[in-house]
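Good morning. I will talk about the salt bridges in one structure, so please look at the screen.

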Amino acid sequence: MDLSKYDGIVCVSGDGILVEVVNGLLEREDWNVAIKMPLGMVPAGTGNGMVKSTLDSAGEPCTTSNAVVAIIRGHKCSLDVATILQGDTKFFSVLMLAWGLVADIDIESEKYRWMGSARLDFYGLQRMLSLRQYSGRISFVPAPGFEAYGEPTRYNGEFASKHSINPGQEQPVKAEQYSYQGPDVDLTNLEWRTINGPFISVWLHNVPWGGDNTMAAPDAKFADGNLDLILIKDCPKLGLLALMTSLSNGGHVKSPHVLYLKVKAFILEPGQLTKDPTRGGIIDVDGEVLARGNGTYKHGQKTLMAYDKLQITVDRGLATLFCPVQQ
């Protein structure tokens with residue numbers, strides 16, 4: 001499509017269509033021009049985290065009319081784009097990545113979709129009463145001011161094991177060199193830190209809101225070159241319940257059971273359930289399943305990536321959004 005004929009692209013949807021549009025633009029030969037096409041959001045989905053974030057940044061309620069007026073005004077802001085990499089397979093994310101409790105609630109609650117949005121609260125309570133912990137490890141490059149978290153480690157340059165392939169995994173399609181290849185950054189010379197599991201929840205967020213009522217990362221910025229990491233390693237069930245009920249105002253990040261920091265690059269090494277080493281978890285990116293471990297919900301369905309080590313880097317302000325006020 002000749003994008004020069006258009007002033008912008010508007011997604012009347014939830015967050016999923018926006019993610020598809022961004023991935024499509026970055027697969028084009030002229031990706032460096034195409035990705036600057038302003039993207040507008042009109043909330044019409046289950047999760048409207050991106051449009052909620054843009055409107056809330058201007059103190060406006062997340063309504064259809066406010067979203068439409070923001071697009072008509074034509075003000076623009078930049079948006080970070082994260083590249084998730086495993087071997088030759090890439091996926092571009094603009095909202096979040098979750099593994100553990102948040103991913104399990106988001107994906108497994110689909111069996112209760114007939115309940116509407118109440119399914120998340122209902123299944124969330126189930127998951128808290130029967131709490132899972134996962135073994136694994138995370139490594140990250142901390143943003144300035146967050147260097148004290150974790151233990152020092154080195155980047156080994158291998159971001160996907162070559163032996164562990166999930167039979168249900170889609171065969172990776174090698175990206176043509178003319179499409180976007182991810183940010184050009186030398187990860188070997190950065191100061192890496194690591195934290196070992198077990199983990200209850202690992203949650204990376206690019207913008208403040210994950211949905212209409214979930215302020216996942218209250219300090220997140222649209223184009224600061226960082227992802228906000230919300231980490232829960234251990235937490236009593238009552239504490240977890242209090243923590244989850246404060247998600248609507250971002251109060252959960254003040255809990256002593258939550259580590260909240262900003263990272264510039266990230267490596268996830270997902271492991272198995274601590275109580276059942278034959279079962280893995282789900283990696284949820286922007287509301288869709290990126291990878292499934294053994295024994296998980298709908299394990300037989302194909303996924304883009306294997307339930308294995310993956311790397312995330314951030315390209316600061318790569319995309320452009322319509323916003324209520326100029327930023």
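There are six salt bridges in this structure; a salt bridge is a side-chain nitrogen of Lys or Arg within 4 Å of a carboxyl oxygen of Asp or Glu. This is a predicted model, where local features need pLDDT of at least 70, side-chain atom pairs count only at pLDDT 80 or more, and totals for chains, interfaces and linings use all residues. Residues are numbered from 1 along each chain as its sequence is written, and side-chain values use heavy atoms, with hydrogens and water left out.

Take Asp104 and Arg132. Their closest N and O atoms are 3.0 Å apart, and they form a salt bridge. Asp104 lies in helix α5 and Arg132 in the loop between α6 (118-129) and β6 (134-142), so the pair ties together parts that are 28 residues apart in sequence. Helices (H or I, at least four residues) and strands (E, at least two) are DSSP runs, numbered from the N terminus.

Is Asp104 buried or exposed? Asp104 is buried, at 2% relative accessible area. Buried means under 20%, exposed over 50%, and partly exposed in between, with a 1.4 Å probe and protein chains only. Arg132 is also buried, at 15%. In helix α5, residues 101-108, seven of the eight residues are buried.

Next, Glu269 forms a salt bridge with Arg137, with 3.1 Å between the closest N and O atoms. Glu269 is in strand β11 (residues 258-273) and Arg137 in strand β6, 132 residues apart. Arg137 is partly exposed, at 29% relative accessibility.
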